[in-house]
Amino acid sequence: MSRILITGAAGFIGSQLAYRLWKNGDELSLIDNFSYGSEDNLVFPEHDFRDEIYHNDIRDQDFLNSLFNNKHFDIVYHMAGITPLPDCQNNPVEAVDVNVRGTVIILDLVRKYGIKKLIFASTSAVYENNTDFPSIENCVEKPSLVYPSTKYSSEQFCKAFSDAYSIPVVCLRFANVYGPHIDCLRKQPPVMGYIIRELYKGNIPVLHSTGEQKRDFVYVDDLIDLAIRVQKCNHFDVVNVSTGITVSINDIYKIIADYMGNSNQKPRYERTDHFWENYPELYSEPYPISAKIMEHEVLKYTCLSNEHAFREYGWRPQTSLEEGIKKTVEFSCEILRKA
Ligand SMILES: NC(=O)c1ccc[n+]([C@@H]2O[C@H](COP(=O)([O-])OP(=O)(O)OC[C@H]3O[C@@H](n4cnc5c(N)ncnc54)[C@H](O)[C@@H]3O)[C@@H](O)[C@H]2O)c1
């Protein structure tokens with residue numbers, strides 16, 4: 001049994017991590033400011049975390065100091081962050097404040113209170129400018145967009161604290177994560193959440209470019225298996241969390257549409273410069289977002305090697321795409337029915 005803090009615990013991944021650790025018998029403290037997460041995410045078949053979570057911001061240092069002082073955590077999972085890319089692009093000051101300054105606040109608490117380990121949620125988006133695939137951990141071309149830049153900077157601070165104070169820190173670079181609790185209601189949901197929502201509502205989903213762009217998708221339960229395995233790490237490490245297998249957005253669309261009984265509903269294809277059109281200010285301000293950057297973001301290929309995760313932690317993803325999508329659709333439709 002470990003005493004564990006999870007930040008961002010009302011979010012997609014943090015909530016499921018909480019449930020798994022709770023089942024393992026760990027003693028948990030959960031924080032979320034509910035800027036994105038939801039109370040619904042905290043209700044599980046065998047446990048309801050809604051009355052246990054602290055509704056606090058990770059930048060509230062007075063609150064955190066008193067929490068760390070009282071709880072004597074062994075491990076911190078830092079999952080909180082502003083994750084939608086267009087939100088970060090649209091409000092870079094807030095993105096840096098939460099994602100970078102927030103991470104440094106957590107690192108400093110880890111240092112001050114002698115926490116045994118920090119496990120930090122980073123992203124495959126740091127590889128957005130890579131051209132060699134599969135991407136490997138020690139090879140990052142510096143990113144251009146705000147969200148991956150905040151995560152890349154946060155990783156640098158994780159390394160700086162680990163180097164200076166010998167704190168074990170593991171940065172997990174998640175590929176595109178999917179599974180139950182994926183957010184299908186937010187302004188710009190992840191692609192699977194978006195397709196499920198639009199098909200559920202009887203709308204025609206919009207895909208950008210030809211839909212043939214390929215990505216690496218990892219199922220949330222598999223991610224959590226690795227997030228737990230890395231507790232054994234006693235140094236600084238960066239680990240890809242991925243399948244190493246790519247699948248096109250069209251293939252994802254087809255599996256979801258078939259499973260939802262919408263096989264005849266074809267998507268509508270839009271130009272790449274219409275991506276993020278829910279954020280008109282990004283296109284209308286004196287310096288609009290570059291069409292080239294938008295095209296790169298839409299067409300971006302992601303494929304991450306998971307050899308390091310296998311060699312160091314004996315981890316391989318176990319869930320097939322079909323099985324994972326089936327569970328994602330079932331859960332999301334239930335959320336959409338209640339919304
Ligand atoms: N889902 C993915 O595909 C994916 C991929 C790569 C990396 N990640 C990273 O994994 C982590 C979890 O992602 P997720 O998909 O569960 O995202 P999510 O948005 O569902 O969860 C993040 C949670 O952090 C909370 N939060 C944001 N700012 C906060 C603050 N200032 N104080 C306290 N809580 C705050 C939000 O309310 C939300 O509940 C994030 O750091 C994200 O960047 C996710």
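This is a predicted model: local features need pLDDT of at least 70, side-chain atom pairs count only at pLDDT 80 or more; totals for chains, interfaces and linings use all residues.

Trainee: Which residues come nearest to the ligand?

Mentor: F12, I13, D32, Y147 and K151, out of 30 residues around the ligand. A residue is near a molecule if one of its heavy atoms lies within 4 Å of it.

Trainee: Which side chain has an N or O atom 2.6 Å from a ligand oxygen?

Mentor: That is Y147. K151 has a polar side-chain atom 2.8 Å from an oxygen atom of the ligand. For R186, a side-chain N or O atom is 2.9 Å from a ligand oxygen. A polar contact here is a pair of N or O atoms within 3.5 Å; within protein, one must be able to donate a hydrogen and the other to accept it, and residues adjacent in sequence count only if both atoms are side-chain atoms.

Trainee: How much of the ligand's accessible area does the protein cover?

Mentor: On its own the ligand has 810 Å² of accessible area, and the protein covers 94% of that. Areas come from the Shrake-Rupley method with a 1.4 Å probe; for residues, only the protein chains shown count as cover.

Trainee: Which elements give two or more residues to the shell?

Mentor: α1 (12-24), β5 (117-123), α5 (146-165) and β7 (176-178). The largest share, 3 residues, comes from β5. Helices (H or I, at least four residues) and strands (E, at least two) are DSSP runs, numbered from the N terminus.

Trainee: And by class, what is in the shell around the ligand?

Mentor: 14 nonpolar, 11 polar and 5 charged residues. Ala, Val, Leu, Ile, Met, Phe, Trp, Tyr, Cys and Pro count as nonpolar, Asp, Glu, Lys and Arg as charged, and the others, Gly among them, as polar.

Trainee: Switching to the cores. How many residues has the largest nonpolar core?

Mentor: It has 68 residues, and I6, Y77 and I256 have the most contacts inside it. Such a core is a set of buried Ala, Val, Leu, Ile, Met, Phe, Trp, Tyr and Cys residues joined through side-chain atoms within 4.5 Å. Buried means under 20% relative accessible area, exposed over 50%, partly exposed in between (1.4 Å probe, protein chains only).

Trainee: What does I256 touch?

Mentor: Not counting residues up to four places away in sequence, I256 touches M192, I195, I196, L199, I325 and V329. Contact means heavy atoms within 4.5 Å. There is also a second, separate core of 40 residues, which includes V76, L107, L145 and I167.

Trainee: Now the backbone. Where is the cis peptide bond?

Mentor: It joins F133 and P134, with omega about -5 degrees. P134 sits in the loop between β5 and α5.

Trainee: What about H72's phi?

Mentor: Phi of H72 is near 50 degrees, a positive value in a residue other than glycine. H72 is in the loop between α2 (61-71) and β4 (75-78). H72 is partly exposed, at 48% relative accessible area.

Trainee: And S209's phi, what is that near?

Mentor: Near 60 degrees, again positive in a non-glycine residue. S209 belongs to the loop between β8 (206-208) and β9 (214-219). At 22% relative accessible area, S209 is partly exposed.

Trainee: S154 next. Buried or exposed?

Mentor: Buried, because its relative accessible area is 0%. S154 lies in helix α5. Beyond four places in sequence, S154 is in contact with N99, V100, T103 and F120.

Trainee: And P205, buried or exposed?

Mentor: P205 is buried too, with 0% relative accessible area. P205 lies in the loop between α6 (191-200) and β8. Leaving aside neighbours within four places, its contacts include Y194, I195, Y253 and P267.

Trainee: Last one. How does Q318 count, buried or exposed?

Mentor: Exposed, because its relative accessibility is 62%. Q318 lies in the loop between α11 (307-313) and α12 (321-338). A polar side-chain atom of Q318 is 3.0 Å from the backbone oxygen of R316.

Terms used
Residues are numbered from 1 along each chain as its sequence is written. Side-chain values use heavy atoms; hydrogens and water are left out.
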